[in-house]
Amino acid sequence: MTVLTFTLILLAGAYAAGLLGSLTGLGGGFVVIPLLTLALGVDIHYAIGASLVSAIATSSGSAAAYVKEGITNMRLGIFLEIATTIGAFTGAVLAAFIPAHFIAILFGTVLICSAIISLKKKSNEVNLKKSYLAEKLKLDGNFPEAGGFVAYRVVNVVGGFGMMIVAGIISGILGIGSGALKVVAMDGVMRIPFKVSTTTSNFMIGVTAAASAVVYLQRGYIDPAICMPVVIGVVLGALSGSKILVRTASAAWLKYLFAGIILILAIQMIYNGILGRV
Amino acid sequence: MKIQVIIGQLLRIGVFTSIGIAFLGGIIYLTRHGHEMVDYATFKGVPDYVKPGNLFSSVFELRGRAIVQVGIILLIATPVVRLIFSAIGFAAEKDYRYMFVTLLVLGIILFSMLTGKAG
């Protein structure tokens, strides 16, 4: 395959990945990595590098809007970034020692878990129970809604922090934003309203990914010729996705269709990983 | 201006500037190497032209992939610069506890950068 053909296929594929990633809320990496490894035969280390860079681009691009609207809990995000960056660094260092086929199997498994999490019903339930640590760290906040500002409190700070270390490690090994895991930590463990946890998680992905990207850069995982079409495609796809999202917010069947596609990709990755073909 | 507005603006500018640079470098790379064959089947480590010492001279030689790499480095730097602005914002609010938390996160990334080379 010539460089030009390779670049154009990747650009189109990354556009679809960005679109799908923004519609499902799973991020572009979930399609980029199988596309590069399974369809184009690229070594998985280059694939996770390109995926991570695209995660930084989409996270920073969409965080820009949410931060302005005041939904993002910046204190909470920055506090939990201590956990995710430590995890991301650990994961990036570990990635060098983990065999490629095991990375593929782990990727497929995380992908299935994330798809299930994304299908779960989201509650915007507001917790008002006090927590000493959350109060001390000023993590409680409020978010704008139709009727004004809604106040919420944060619980189980230690549990959430621990979960974030895990999310960071996974992000560092697989080159994904692991947004779904971050949402589990905030939504499920710390009882933060869904609206706040998704935007804050997105806000955190850039910094988390930067902590492992500085390691990837020095190890050659980030190849400019692969990253260029991937980043441009994913960002354009995510931009289109955010426009569609506004119009078809109620289309539940779309979510199931995407979950189906993602499930097939995940099984493919695990299958090829077990056979040692990745 | 509120710090949130500045941070939002900064993130957007960072993303679009870096993508613009990557696009420019990509065009140069494609016009020169578009007809060569790709080979990414095996992992080869860091190519010479983007090694820290060579990156700038490669950019001045207008090597497409080196320019793309500058765009990517700028993209990676965007959230890091965001942290610096957050730290300034917390300092302005006299919230020294969170200024410290932000600097700690910056420190972890710096540590990752300095120790990540081995292996």
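Biologist: Which residues of helix H8 of chain A are buried?

Modeller: The model is a predicted one, and a residue counts as buried under 20% relative accessible area. Helix H8 of chain A runs over residues 179–189. The residues in it that are buried are Gly179(A), Ala180(A), Leu181(A), Lys182(A), Val183(A), Ala185(A) and Met186(A).

Biologist: What covers the buried residues of H8(A)?

Modeller: The cover includes several helices of chain A. Among them are helix H4 (74–95), helix H5 (100–119), helix H7 (157–174) and helix H9 (194–219).

Biologist: Which residue with a positive phi follows H8(A)?

Modeller: The phi in question is near 60°. The residue that follows H8(A) with this value is Arg191(A).

Biologist: What is the relative accessible area of Leu62(B)?

Modeller: Leu62(B) is placed in the loop between H2 and H3 of chain B. Although Leu62(B) is not a glycine, its phi is positive, about 55°. Leu62(B) is classed as partly exposed because its relative accessible area is 47%.

Biologist: Which residues have the most contacts inside the largest nonpolar core?

Modeller: This core has 116 residues.

Biologist: With which residue of chain B is Ile226(A) in contact, leaving aside neighbours within four places in sequence?

Modeller: In chain A, Ile226(A) is in contact with Phe6(A), Leu10(A), Leu36(A), Val42(A), Tyr46(A) and Ala50(A). From chain B, the contact listed is Tyr40(B).

Biologist: Which helix gives the most to the lining of the second largest pocket?

Modeller: The second largest pocket holds about 670 Å³ of space and is lined by 24 residues, with Leu217(A), Gln218(A), Pro52(B), Ile73(B) and Met113(B) nearest its centre. H9 of chain A and the chain B helices H2 (52–60), H3 (64–92) and H4 (96–115) each supply at least two lining residues. By class, the lining has 19 nonpolar, 3 polar and 2 charged residues. With 7 residues, the helix that gives the most is H3(B).

Biologist: How many residues of the lining of the largest cavity come from H3(B)?

Modeller: The search of the whole structure finds 3 cavities of 30 Å³ or more, and the largest cavity has a volume of about 50 Å³. Helix H10 (224–247) of chain A, with helix H1 (3–33) and H3 of chain B, are the elements that give two or more residues to the lining of the largest cavity. That lining divides into 8 nonpolar, 2 polar and no charged residues. H3(B) contributes the largest share, 4 residues.

Biologist: How far apart are the end C-alpha atoms of residues 6–30 of chain B?

Modeller: An unreviewed UniProt entry annotates residues 6–30, 66–92 and 98–116 of chain B as "transmembrane region". In the model, residues 98–116 of chain B are 95% helix, with end C-alpha atoms 27 Å apart. Residues 6–30 of chain B are 100% helix and 0% strand. The end C-alpha atoms of residues 6–30 of chain B are separated by 36 Å.

Notes. Residues numbered from 1 in each chain as written. Chains lettered and ligands numbered in written order. Predicted model: local features only at pLDDT ≥ 70, side-chain atom pairs only at ≥ 80, totals over all residues. Heavy atoms only, no water. Buried < 20%, exposed > 50% of the residue type's maximum accessible area, 1.4 Å probe, protein only. Contact = heavy atoms within 4.5 Å. Core = buried A, V, L, I, M, F, W, Y, C linked by side-chain atoms within 4.5 Å. 1 Å grid on protein atoms, 1.4 Å probe; cavity = no way out; pocket = protein on both sides within 12 Å on 5 of 7 lines; lining within 4 Å. Points joined across faces, edges and corners; volume = space filled by probe spheres on them. Nonpolar A, V, L, I, M, F, W, Y, C, P; charged D, E, K, R; others polar. UniProt positions renumbered as here; feature names shortened; annotations may be inferred.
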